[in-house]
Amino acid sequence: MKTHVLLASALLSLPLASVHADVKLPAIISDHMVLEKTAKVPIWGKADPGEEVTITLNGQTVKTTAGADGKWKTALNLADSGPGPFEMTVQGKNQIKLSDVVVGEVWVASGQSNMEWVVKNTIDADKEIAQSANSLLRQFQVKKATSITPLDDCEGTWIQASPETTGGFTAVGYYFGKKLQNDLNVPVGLINTSWGGTPSEAWTSEAALDTVPELKAAKERLFGQITNQPADQKKWIETFGAWLKESGREDKPATDTAAFAAPGISLDGWQKVAIPGVISGKDFSGDGAVWVRTEIERPGAATAPLGLELGAIEGFDSIFWNGDLITSLDFKDSPGSGYVRRGGKYTIPANKVKPGKNTLALRIYAPAGPAKFPTAPKIGGAVTTEGWFAKEEFSLPPLTPAQLAAAPKPPVTPPGPQNVASHLFNGMINPIVPYAISGAIWYQGESNAGRAYQYRTAFPLMITDWRKVWDQGDFPFYFCQLANFQAKKDAPGESGWAELREAQSLTLKLPATGQAVLIDIGESADIHPRNKKDVGERLALIALAQDYGKSIPYSGPVFNALKIDGAKARLSFTHTDGGLVAKPVPATYDVNTKEGKTAPTVRNSPNSELEGFAICGEDKQWVWADAKIEGDSVVVSSDKVPAPVAVRYGWSENPTVNLYNGAGLPASPFRTDDFPASTLTNKY
């Protein structure tokens, strides 16, 4: 025992530096990694201040010394390296050996859910995965992380493509990397750093955002909400609770919830109500506590989880399923949302869902205004607005104007951290800098579509920012134009999604950029098209042409110039490889490929060779136009517009279009006018 005590004392007396002497590497520098075949490949990590670190790879040795902060960085010259595999040794006071290191092309794959979307959820996934074994195609997936300050490291591992792993690869990245690997016959590494439903501002550094006054102001507002939210919420709970007491509007919950929530009870005294809207009926207004309920029929003997999307109910709700309490919201535990629940999404477990009739009941306590369903609820994915009944538990007198004015307003709920300016840059980009890369591919924009005009600034800012922090010059940056989505429109008009696509096209003014047009692969009822193969391969065509010296078409037709000739508008194009082509308009279009749903295509210009063109005169009243191909031009006209001034093509969320080039690549949507954008004043 005495010996153990003496040993422990001796260890505790050692200098701290000797206890933490191990050389450490970031997660991305690890077994199975793909290193860029270039003259400067940064290798970095941590060690003791002043500690010498030696890196050896394939006979090449470089040395460096850790600085006063314990950080070190050096670089390997792999410009003439073979593909490997190699072993890399990092030697300091300890030794790290990395196995199966290969040298080739490394691409960052980033963006929101359509980049995050994995191979196993795509068309023909089983067939693709079964034949996907490829030791020269690898992915490093950055674990999701947010931070208000830049992080030095992330979590993640390098894995090879195989039937056991490929299903989890980013699908766009996989098909992009697979084509590069097959065509170039070199190792290809993908760094998958993506997060669904996120804006570009979250992927941009704070320093870059600060260079744009309106983005800086938005960042500071959001940071303030996050910083102040706990104190603001605490204050609101105190003041709202006091207001309830002073105004006599405190909750008085019934002890017998079964009388309202149990299946099979008599509906005598219940009133049929319309949802969405204010929950009110004869002799009650919805102020106080009101119950609403409906029955859901689940056919068959099998049970499965059931999703509820109830929306932002106005009031404090308690949800009962077949008489059992599922969840309850009280103002004291409402996370910054006040008396409006945000989101309202729940899952009823499979063991709670019975074949046949099930009962959903909600108790809504509404002390600061009537109970309300602002949006139509969805049960099991189906909109459910019929068959709802309501009954009052207790009522409160309507608020006087003075009482309403005195009611404390809930604090603003900050967005999720993944949607806050710079938080994803800090958590998921900064940790992989300065890993040597060939370039980046990007699929994002859906979350910015409501602020499409501002994306003209925000998107180029992010690209320029990444290039600056990586310090590799203007590395290639190739992005996906938003695919077609949402319901078809029967009249031409304004569109935030079209304006977002325009902002993406304008970003091509930056050097070393490229755009994969996806206007023909989307699904009207699913924001995540299952066809990711064409997406990845269209991106790969750009890289092969612009970076790897392949003489191949890589873009569909791009509008170049407009010439008005009387009642006709003549449009010229670039990237007409093989000539302009009017593909046959398909008889149906995809609604949801996962469910096998299609719908009949309705032609807007049934007698026209080309579909998707609109034209207007000085009055700016858009009408569908007839359009035909003449050489490398398209001639557009309408007998309703004798003196045209502008033309648009594919200018809606989900247009029907059929202009291609001879290489089979679709034309990019465009407009020839500069009329004020519908999203001009929408800001982050």
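A cavity here is a set of points, on a 1 Å grid over the protein atoms alone, where a 1.4 Å probe fits but cannot get out, and its lining residues have an atom within 4 Å of a point. Grid points are joined across faces, edges and corners, and a volume is the space filled by probe spheres set on the points. The model is predicted, with local features needing pLDDT of at least 70 and side-chain atom pairs counting only at pLDDT 80 or more, while totals for chains, interfaces and linings use all residues. Residues are numbered from 1 along each chain as its sequence is written, and side-chain values use heavy atoms, with hydrogens and water left out.

**The cavities**

The structure holds two cavities of 30 Å³ or more. Begin with the largest, which has a volume of about 50 Å³, by selecting Q515, A516, V517, R538, Y554, S555, G556, L665 and P666, the residues that line it. Sorted by class (Ala, Val, Leu, Ile, Met, Phe, Trp, Tyr, Cys and Pro as nonpolar, Asp, Glu, Lys and Arg as charged, and the others, Gly among them, as polar), this lining has five nonpolar, three polar and one charged residues.

**The largest pocket**

A pocket, in contrast to a cavity, is an open set with protein on both sides within 12 Å along at least five of seven lines, and the largest one has a volume of about 450 Å³. Strand β29 (residues 588–592) gives the most to this lining, with three residues; strands (E, at least two residues) are DSSP runs, numbered from the N terminus. By class, the pocket lining has 10 nonpolar, 11 polar and seven charged residues.

**A hairpin and a sheet**

Select residues 52–57 and 60–65, strands β3 and β4, which pair in the antiparallel sense over six bridges; two strands pair if DSSP finds at least two bridges between them. L57 stands opposite Q60 in β4, and the hairpin has two residues between its strands, with N58 in the turn showing a positive phi of about 50°.

For the sheet, display β32, β31, β35 and β37, which lie in that order in an open, antiparallel arrangement of four strands. Its edge strands, each pairing on one side only, are β32 (623–624) and β37 (670–671). Strand β35 (residues 646–649) pairs with β37 over two bridges, and R648 has R671 in β37 as its bridge partner.

Centre on E611, in the loop between β30 (597–600) and β31 (613–616). Its side chain reaches the backbone nitrogen of N604 at 2.9 Å and that of S605 at 3.1 Å. Beyond its neighbours within four places in sequence, E611 is in contact (heavy atoms within 4.5 Å) with V585, R603, N604, S605, Y649, T656, V657 and N658. E611 is buried (under 20% relative accessible area), because its relative accessible area is 0%.

Finish at T576, in the loop between β27 (568–574) and β28 (580–582). T576 has 15% relative accessibility and therefore counts as buried; leaving out residues up to four places away in sequence, it touches D632 and N661.

Technical notes: Buried means under 20% relative accessible area, exposed over 50%, partly exposed in between (1.4 Å probe, protein chains only). A polar contact is a pair of N or O atoms within 3.5 Å; within protein, one must be able to donate a hydrogen and the other to accept it, and residues adjacent in sequence count only if both atoms are side-chain atoms.
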